[in-house]
Amino acid sequence: MSKENFNEKLIALLKTNPDFTDDSDELIPAAVKDHAWQLDHNLIRLLLTDAEIKSTFFNEIDGHWVFNYNTFIDYINEKNFLANSYTQFRNKIGLNIDGKFLRERGEVSLVWPYKDCVLEGGQTKEEEKRKEIFFNEILAKDEINRIFDPKVLTNWKRHTATGEQDVTEIKRDDNGTIRENLIIKGNNLIALHTLKQQFRGQVKLIYIDPPFNTGSDSFGYNDYFNHSTWLTFMKNRLEIAKEMLRDDGSIYVHLDANEVHYCKVLMDEIFGRDNFQREIIWRIGWVSGYKTAVKNWVRNHDTILFYTNKKLFFNKEYIPYPEDYERRDGSSPDGKGQAIEDTWNCNELDILDSIQIMSFGKEKTGFLTQKNEKLLRRIIYSATNEGDIVLDFTAGSGTTNAVAHKMNRQYIGIEQLEKGIRCTVQRLNKVIAGDRFGISESVNWQGGGNFIYCELMQYNQAYIDKIRTADSPEELVSLWQDIAENSFLNWYVNAETPEDAIDDFIAIGDLEAQKHLLVELLDKNQLYVNLSEMADADFAVSGQDKELNHKFYNK
């Protein structure tokens, strides 16, 4: 029987169970997979009724038939399984979410073009954008799995009070959890999936200050769906972030009015509406009224969305009573102090600090940074205890990591932009040396500690970096020949470089256009080296890196 006929027979058989169909009698693969993962007896009985289906998805062992659910799941996931069915396009326009059509969900859902896709979101410099590819979760499953495979880590260094040292060991606790502060350079989506094996369910707090999608920040892509692109970008990262959180973990997402309301609905879907805790207003200025130049109200606050994973953990913070404080009834105060109210600026000192620090200056930290350390101290204190893991996968200038270090929390910072990662490392080196910036005085910071720096090992990304720094067409031609011989090219690219093609390339005359053409040749699935390919000689992974990757992945 042909595969097409087998597909039709299997679909028809599965449709006989009403649990697997929607109101239009279309098969719901997600429901089928859910029952398969549960080894549902009704599904197994159904599959056993047909001899050919039985022989395909069951193994005979000593006269007994054993369901091979991996084979079955792989077959259901195969992109041609529903090739002739309307259902293959169910997510394209948001008709179906989590295996249920909107009319079945009975709730509000946020839908947009390419919601069912993965956006890698790669950038190396703020001023250089690249045309992104949306990998559809059904049609590009293999490509997505390859992107999400753990990657080789390289350029390991331990930063200490006495300087950089080679990394020889990676500390773990009795439960096998890595107990090192980590700063990782690379694409944050790929880095999160690289970390998930070691830190799934281990992170107590995630704080991120993602791109605001204002058109003037670091988020800008050459496509026609910038708003939709931002939502896809965030969805991909928030989904894996949720996997990293402990049951009593929490996440704080810092945005402005441009996207925060859309992000709120998106986070309701991912974390559950019942796990939304607070909308926190962070005042960034103290000028009221309106701007004459733009004839509009002054924007003087950002918003922080606070969600928990499964259960709330919250440390209430107190400030000491003033020496002359008396209760209204004339009695003396007792207890440990006055509870800080649910505002981020509760006294004159906070107000003054909110005005140098939020002016994007260097007066308080020594580094160009928008978020002040006092804000992060409040969040980290409320959401964690000493020793807990704090994750910031949009590390920027490293404020979250610096504050976590001073507060004796373990931290993971991820940053892709060269300027950001350089700033983070320099800042943390000053923290280790005992800086007096930010919260140092209030927490009696004296210096000390260490962190490990490493990078996702580049392959095609290294060629992209070389292309972007080239100064002449001749240098690009030399790179083209190297790329054709040694890199991974897109499937439609001819690796040969005939002389007339080189002449046409030089004749373009525009260096930026030439760079763009060369970048387009490269397979974006091979930007980084997969851990599974570490032994491949083509990638030239050093013996030291191999040993450290084995230790990191606990293999």
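Me: Where does Asn155 sit?
Reply: Asn155 is in strand 7, residues 153-160; strands (E, at least two residues) and helices (H or I, at least four) are DSSP runs numbered from the N terminus. This is a predicted model, where local features need pLDDT of at least 70, side-chain atom pairs count only at pLDDT 80 or more, and totals for chains, interfaces and linings use all residues. Residues are numbered from 1 along each chain as its sequence is written, and side-chain values use heavy atoms, with hydrogens and water left out.

Me: What about the phi of Asn155?
Reply: Asn155 has a positive phi of about 55 degrees, although it is not a glycine.

Me: How exposed is Asn155?
Reply: Asn155 is partly exposed, at 42% relative accessibility. Buried means under 20% relative accessible area, exposed over 50%, and partly exposed in between (1.4 Å probe, protein chains only).

Me: And Asn444, where is that found?
Reply: Asn444 is in the loop between helix 14 (418-432) and strand 20 (451-456). Asn444 is not a glycine either, yet has a positive phi of about 55 degrees. Its relative accessible area is 54%, so Asn444 is exposed.

Me: Switching topic: how many helices and strands in the protein chain?
Reply: The protein chain has 19 helices and 20 strands.

Me: What percentage of the residues is buried?
Reply: Of the 555 residues in the protein chain, 50% are buried.

Me: Where in the chain is Leu39?
Reply: Leu39 lies in the loop between helix 2 (29-37) and helix 3 (41-47). With 40% relative accessibility, Leu39 is partly exposed.
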